[in-house]
Amino acid sequence: MQRSFPGYCIHKTNCCASSGNRSRLSVTCKSKKIEIPVKKLLHTVNQSPFSHKALEQCLVIFAAGDALLFFGDGIYAALAGQPLADQLKDKPCYGIESDLVLRGLQRQTLIAGMQLIDYPDFVRLSTEYDLVQSWY
Amino acid sequence: MAADINILPGMTGADAKKANTLGIVLRQSPYGASLAQEALEVVLAFGVYGVKVNLVFMDDGVFQIVRGQDTQQCYRKNLAKQMAGLDLYDIDQVFVCQASLSQRKLTIDQLILRAQALDAEELSGLLHSQDQLLCF
Amino acid sequence: MIFSLYIQSPPCSATSLSAFQFAEALLSEGHQLYRVFFHYDGVYHASSLTCPPQGVFDLVESWRKLQISCQLELAVCIAAALKRGILDDKETARHEKSAANLLPGFQLSGLGQLVDAVDNSDRLITFGG
């Protein structure tokens with residue numbers, strides 16, 4: 001597929017041919033070949049999707065292989081009735097359980113597949129993904 | 001032709017062991033709080049230390065680089081004017097989210113910086129290929 | 001793994017409590033905390049003048065104790081600190097202010113320390129908002 005790779009190719013003329021997989025792309029642009037590593041991101045969101053755009057913006061960047069982690073007011077995103085719930089259905093989602101309990105939401109219906117975790121789990125996840133990107 | 005591709009130091013078609021690219025995402029409006037100004041100081045610090053910065057404006061962050069900001073009556077430092085000097089710090093890889101511009105009825109020629117407008121897929125690809133990420 | 005934390009939120013916010021809980025967890029999991037860099041409203045963590053209400057978790061004091069027990073480097077952006085009235089003895093004299101209020105265990109430093117933290121850490125986690 002011909003496209004350009006911003007940050008690597010400045011032509012913006014769909015001049016790059018690419019091949020590879022989710023973790024690495026080989027890009028050939030006008031006979032120069034480069035390898036672009038593709039990272040897996042853990043996106044953290046600590047703002048409510050009912051009142052802030054952080055989650056919406058995060059989902060613009062989200063790609064296959066990434067995961068979402070909700071803490072603080074971001075835990076409201078765990079609710080099945082939140083405005084962006086449909087977009088989270090097929091994505092790995094984690095929420096800090098103590099934040100859910102603090103807000104009295106432990107008996108609410110959560111998004112299917114939402115995994116409730118603690119801070120040691122948060123640390124572990126941050127080591128399993130290449131980068132942690134914070135949205136607030 | 002050698003200048004056409006943004007080949008990072010040490011990259012010769014194989015990986016650079018420590019390529020040190022940093023994606024910085026600016027999402028804050030320019031004058032509501034001081035985070036935009038303090039984020040710019042972070043951007044400049046990385047530039048001074050020779051880190052390869054890929055700067056991305058999205059969400060209300062696109063307002064930071066709108067031309068015509070006049071701070072005379074408000075005793076604030078003019079953020080756009082400071083942004084216009086970024087290339088002095090070798091920060092010349094500037095990208096803007098096309099959707100964020102369109103939602104705000106802005107066009108690329110209204111911006112004070114020469115920025116490349118990216119769609120969601122290109123933006124995601126750019127940020128997933130960075131060695132580190134900061135988001136303000 | 002080597003972690004650094006970049007804290008922009010003030011000590012009274014839930015985000016800052018999460019940052020501290022994350023720091024405690026990473027240390028107890030055996031990881032290294034290279035540096036905690038306080039910027040923006042996060043610099044308020046370094047004030048010796050905070051008086052949290054009784055019965056509320058004292059985050060500032062908790063960071064101070066963790067710094068001592070784990071020999072942590074708690075760096076505070078000097079520009080952000082001065083703007084918000086957090087001064088050490090040197091800056092107090094330089095700006096001819098009446099008293100210093102930088103909490104022991106915290107150090108005023110430049111943004112170069114953030115650049116260094118990014119360069120020397122496997123993971124940089126930002127806590128903001």
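A polar contact here is a pair of N or O atoms within 3.5 Å; within protein, one must be able to donate a hydrogen and the other to accept it, and residues adjacent in sequence count only if both atoms are side-chain atoms. By that rule, the side chain of A:Ser48 reaches the backbone nitrogen of A:Phe50 at 3.1 Å. The model is a predicted one, with local features needing pLDDT of at least 70 and side-chain atom pairs counting only at pLDDT 80 or more, while totals for chains, interfaces and linings use all residues. Residues are numbered from 1 along each chain as its sequence is written, chains are lettered from A and ligands numbered from 1 in the order in which they are written, and side-chain values use heavy atoms, leaving out hydrogens and water.

As for its setting, A:Ser48 sits in the loop between strand E5 (41–45) and helix H1 (54–61) of chain A; helices (H or I, at least four residues) and strands (E, at least two) are DSSP runs, numbered from the N terminus. A:Ser48 has a relative accessible area of 8%, so it counts as buried (under 20% relative accessible area, with exposed over 50% and partly exposed in between; 1.4 Å probe, protein chains only). Leaving aside residues up to four places away in sequence, A:Ser48 touches A:Asp73, A:Gly74 and A:Tyr76, where contact means heavy atoms within 4.5 Å.

Over in chain C, the buried residues of helix H1 (residues 14–28) include C:Phe20, C:Phe22 and C:Leu26. Their cover includes helix H4 (119–128) of chain A, along with strand E1 (2–7), strand E2 (32–38), helix H2 (59–70) and E5 of chain C. Just after H1(C), C:Gly30 takes a positive phi of about 90 degrees.

Then there is the interface with chain B, where 17 residues of chain C are in contact with 15 residues of chain B. The buried area (accessible area, 1.4 Å probe, that two parts lose on being put together, summed over both) is about 1,400 Å², with carbon and sulfur atoms giving 61%. Two salt bridges turn up across this interface, each a side-chain nitrogen of Lys or Arg within 4 Å of a carboxyl oxygen of Asp or Glu. C:Arg84 forms a salt bridge with B:Glu38, the closest N and O atoms being 2.7 Å apart.

Key: Expected span 1.5 Å × (residues − 1).
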